[in-house]
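Take it one heading at a time.

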Amino acid sequence: MTQIRQDQLDAHLARQLAPAYVVHGDEPLLALEATDAIRARARAAGFSERLVLSAERNFKWGELGAAGASLSLFGERRLIELRIPTGKPGVEGGAAIEAFCARFPPDTFALVTLPRLDKAGQNSAWFGALARAAVVVKVYPVERARLPEWIAARLARQKQRADRDTLQFLADSVEGNLLAAHQEIQKLGLLFPQGELDFESVRAAVLNVARYDAGKLGEAMLAGDAARLARMLEGLRGEGEAVPRILWIFAEEIRAVSRVRRGLAAGRALAEALRENRVWGESRQNAVGRAARSVDGAAISAALAHAARIDRVVKGVAKGDAWDEILQLGLRFAART
């Protein structure tokens, strides 16, 4: 089994091209760039015919077996691309994947794309068959602390550079959304010449188009980062984000902390409590684990009661400003972590 990170892929492809690759991860931009690089290398190696199979609802898994058994229409080397958007092929799909890997056809190159798989998915028989037949490319998200460094590297590709404050401003403006960051970087390449970027010019270029990822709100709240939380909520409000979704994100994180806290009180190890409550991902596990140990039961009960009151405001049953209440809920809980 060969596994590499997405940032190791270019060096790997420069040395060799394996018969098959599996790309899995939840960062759309990096996954797209990885698959584009693999396809380009395959085309350069002569795999000019391409067949795309997307295993969505009602997909017939017999198509995968037929693709592996049939000859290329024009006798050319062929790329078979299998996309599994859910990451769960099911029993029939799993068997079809195992059979395909066991009888890998000649003059064929395979590329399989998946979302990030949990431990159970990576331990499945079908994924094991893929991992034995292919190079597995793991796409990790860029941690928020590393985002300025990531932006600097991308600017360097277009021969531009910026000081630390400018890089931090760009990172804050996109809030971990790499697609948004990529678009802003490309825009800077079009607007400004090569060389040093001036902070005020960059600020003017991106100030009115900052995009925020609502999914990062829970991360800011559990980290106790009040300034970031307030900035994100203001940005999301300006972008027209739906209030019920914001409330759901906060409530889900508070409930997760509550459940893990009860597990710890019952004598469970932290890793076990997190697993039992389906808290996945290293960064989220760390954040929920810290909060479960630092926030007391009374604060959690008060936060859930506050969330219930906000829900009544959202539904028009109670009076109040839902956005203001959500901000207060997030800030009060953040102060406890």
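## A salt bridge with a buried partner

Arg-228 and Glu-219 join their side chains in a salt bridge, with 3.0 Å from N to O. The term salt bridge here stands for a side-chain nitrogen of Lys or Arg within 4 Å of a carboxyl oxygen of Asp or Glu. Arg-228 counts as buried, because its relative accessibility is 5%, while Glu-219, at 29%, counts as partly exposed. As for those words, buried is under 20% relative accessible area, exposed is over 50%, and partly exposed lies in between (1.4 Å probe, protein chains only).

## About the model

What you're looking at is a predicted model, where local features need pLDDT of at least 70, side-chain atom pairs count only at pLDDT 80 or more, and totals for chains, interfaces and linings use all residues. Residues are numbered from 1 along each chain as its sequence is written, and side-chain values use heavy atoms, with hydrogens and water left out.

How many salt bridges does the structure hold? The count is 19. One of them pairs Glu-149 with Arg-146, and here the closest N and O atoms are 4.0 Å apart. Glu-149 is exposed, with 51% relative accessible area, whereas Arg-146 is partly exposed at 41%.

Another pair is Glu-241 and Arg-245, whose closest N and O atoms sit 3.2 Å apart. Glu-241 has a relative accessible area of 21%, so it counts as partly exposed; Arg-245 is partly exposed too, at 41%. Elsewhere, shared partners link salt bridges into one network made up of Asp-36, Arg-39, Arg-50, Glu-81 and Arg-83.

Now for the backbone. Most residues other than glycine have a negative phi. Asn-58 isn't a glycine, yet its phi is positive, about 70 degrees. Asn-58 is exposed, because its relative accessibility is 66%.

Lys-159 is another non-glycine residue with a positive phi, this one about 60 degrees. You'll find Lys-159 in the loop between α7 (147-157) and β7 (160-161). Is Lys-159 buried or exposed? With 53% relative accessibility, Lys-159 counts as exposed.

Key
Helix = DSSP H or I, 4+ residues; strand = E, 2+ residues; numbered from the N terminus.
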